[in-house]
Amino acid sequence: MKLVVVGGGVTALAAAHRAVELARERGIDLDVHVVEARDRLGGTIVSERADGFLVEAGPDSFLSEKPWALALCRRLGVEDRLVRTDDRFRKVFVWFRARLHPLPDGFQLLAPTRLVPFATSSLFSWRGKARMALDLILPRGGGEDESLGAFVRRRLGGEALERVAQPLVAGIYTADPEELSVAATMPRFVEVERRHRSVILGLRRGLAQAPLPGTSGARWSLFVTFADGMQTLVTTLADRLPNSAIVLGQRVAGVERDGARWRVTTADGARFDADRVILAAEAHVSARLLRYVDPALATLLGEIEYAGAATVSLGYRRADVPHPLDGFGFVVPRSEGKALLAGTFSSVKYPGRAPAGHALIRCFMGGALDAETLREDDAGLVARARRELGEALGVTAEPVLVRASRWPASMPQYRVGHLVRVEAIERAAAARPGLQLAGAAYRGVGIADCVRSGEAAAEAALG
């Protein structure tokens, strides 16, 4: 069987690796090629060691509660190279009205679950706290898919949306909560309302049924990464593929049906004949490749919009940062009018990210609500990041390390109606024998979601 995987990110590599595993288990003679336009693998995953710092230009971790990435690490034999967060500092700040306010202990992404920390929080007004408490008596609502903004405003009020939900969502999805589908991005909260009516009561009941911290025997924190950076996952997956499998620097220009098989051609004229094709690129790339194969499917794929983002990593001498850095980082509400979406205290969150006596801080910029910032050149982005970090943390010294990375059109936007669109895409793709679609555009944007998507595509292709 000949298999071509288009793309070179973690989805494509997970798909190719799973295909090799299945072929070995089932005795299938598999010829696989992973065709990537860039001259490197990994997509947005790029790790760099410089002057004792470990800088992540893109994703810096994955969720352990979603099992697929962790399971892959175990099969690859690299679980012992993972590190957990330093949960002594498991605190997130919100930059609001020129101050960093701790997110109240027990705040479960969108809603509070502990009374005293919430009641004494400086982040919310008493009117805002009273409005959030109304969730305890409000009836169920919704029904149809609604935006995250509408959901939070309906259940918890405007302050919960402006000061918590919007900045947290900007940090995760680089998205506008007024456009983002709550069912596609945070189905847990939809289910909590359906089952328990009150979001706060439902979250509290869920916590009461969960094991106490430290008693479950769980080895990993919520977020985990590799001691040597996320690039470890990319390198390990690539190393497990056949020597001839990786094709770099070849932009796929066309995918077409050739009788019962598929033909994949590149802009440089290379041709790959295949029994199965997995398109593991961005939805807009897959739309371009399928525009003549299935115009209706290409149109659906093209309707998935993307936003860009940038990261600016700054290394400082620890003595030059007045803030205690006693948390994982901070998020910034849109109402503050800043270029920063969020800042991660990387050297606090994970071990080995900065040399002794230094700190590494990673800034996020851009997103669906601030595409204009990304028009600035790298020097402009760095200057904005330094200026705003100065306001937030009091740091005015020159950084000893500076890195800026840009990711244009890299974050799919799960707008209201996204799941209906994805179901239509999946039905259309299923009508094309030998074609599979995979990636962050469909049912999850995280590393673990991409692993699941790629592996599912491989299993369908070899099924």
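Figure 1. Leaving aside residues up to four places away in sequence, Thr266 is in contact (heavy atoms within 4.5 Å) with Val35, Gln250, Arg251, Val252, Ala253 and Phe272. The model is predicted: local features need pLDDT of at least 70, side-chain atom pairs count only at pLDDT 80 or more, and totals for chains, interfaces and linings use all residues. Residues are numbered from 1 along each chain as its sequence is written, and side-chain values use heavy atoms, with hydrogens and water left out. Thr266 belongs to strand 12 (residues 261–266); helices (H or I, at least four residues) and strands (E, at least two) are DSSP runs, numbered from the N terminus. Thr266 counts as buried because its relative accessibility is 6%; buried means under 20% relative accessible area, exposed over 50%, and partly exposed in between, with a 1.4 Å probe and protein chains only. The side chain of Thr266 also forms a polar contact of 2.7 Å with the side chain of Gln250. A polar contact is a pair of N or O atoms within 3.5 Å; within protein, one must be able to donate a hydrogen and the other to accept it, and residues adjacent in sequence count only if both atoms are side-chain atoms.

Figure 2. Ser47 lies in strand 3 (residues 47–50) and is classed as buried because its relative accessibility is 17%. Two polar partners are shown for the side chain of Ser47. The side chain of Glu56 makes a polar contact with that of Ser47 at 2.6 Å, and the backbone nitrogen of Met230 is 3.1 Å from a polar atom of the Ser47 side chain. Beyond four places in sequence, Ser47 touches Leu54, Val55 and Glu56, as well as Asp228, Gly229, Met230 and Gln231. Pro59 is 12 residues from Ser47 along the chain, and the C-alpha atoms of the two are 9.2 Å apart.

**Figure 3. Asp60 in the loop between strand 4 and strand 5.** Asp60 is placed in the loop that links strand 4 to strand 5 (62–63). With 13% relative accessibility, Asp60 counts as buried. Its side chain makes a polar contact of 3.0 Å with the side chain of Ser61. Not counting residues up to four places away in sequence, Asp60 touches Thr225, Met230, Thr344, Lys349, Tyr350 and Arg362.

Figure 4. On a 1 Å grid over the protein atoms alone, a cavity is a set of points where a 1.4 Å probe fits but cannot get out, whereas a pocket is an open set with protein on both sides within 12 Å along at least five of seven lines; lining residues have an atom within 4 Å of a point. Grid points are joined across faces, edges and corners, and a volume is the space filled by probe spheres set on the points. Leu54, Val55, Glu56 and Asp60 are among the lining residues, as are Tyr350 and Arg362. Strand 4 (53–56) and strand 18 (358–366) each supply at least two of the lining residues, and strand 4 provides the largest share, three residues. The lining comprises four nonpolar, two polar and four charged residues; Ala, Val, Leu, Ile, Met, Phe, Trp, Tyr, Cys and Pro count as nonpolar, Asp, Glu, Lys and Arg as charged, and the others, Gly among them, as polar.

**Figure 5. The largest cavity.** The structure contains two cavities of 30 Å³ or more, and the largest has a volume of about 110 Å³. Sixteen residues line this cavity, and those closest to its centre are Gln166, Ala170, Arg334, Leu341 and Leu369. Helix 6 (158–173) and strand 17 (340–345) are the elements that give two or more residues to the lining. By class, the lining has nine nonpolar, four polar and three charged residues.

**Figure 6. The second largest pocket.** This pocket has a volume of about 350 Å³. Of its 18 lining residues, Glu426, Gln436, Leu437, Ser453 and Ala456 lie nearest the centre. Helix 17 gives the most to the lining, with six residues.
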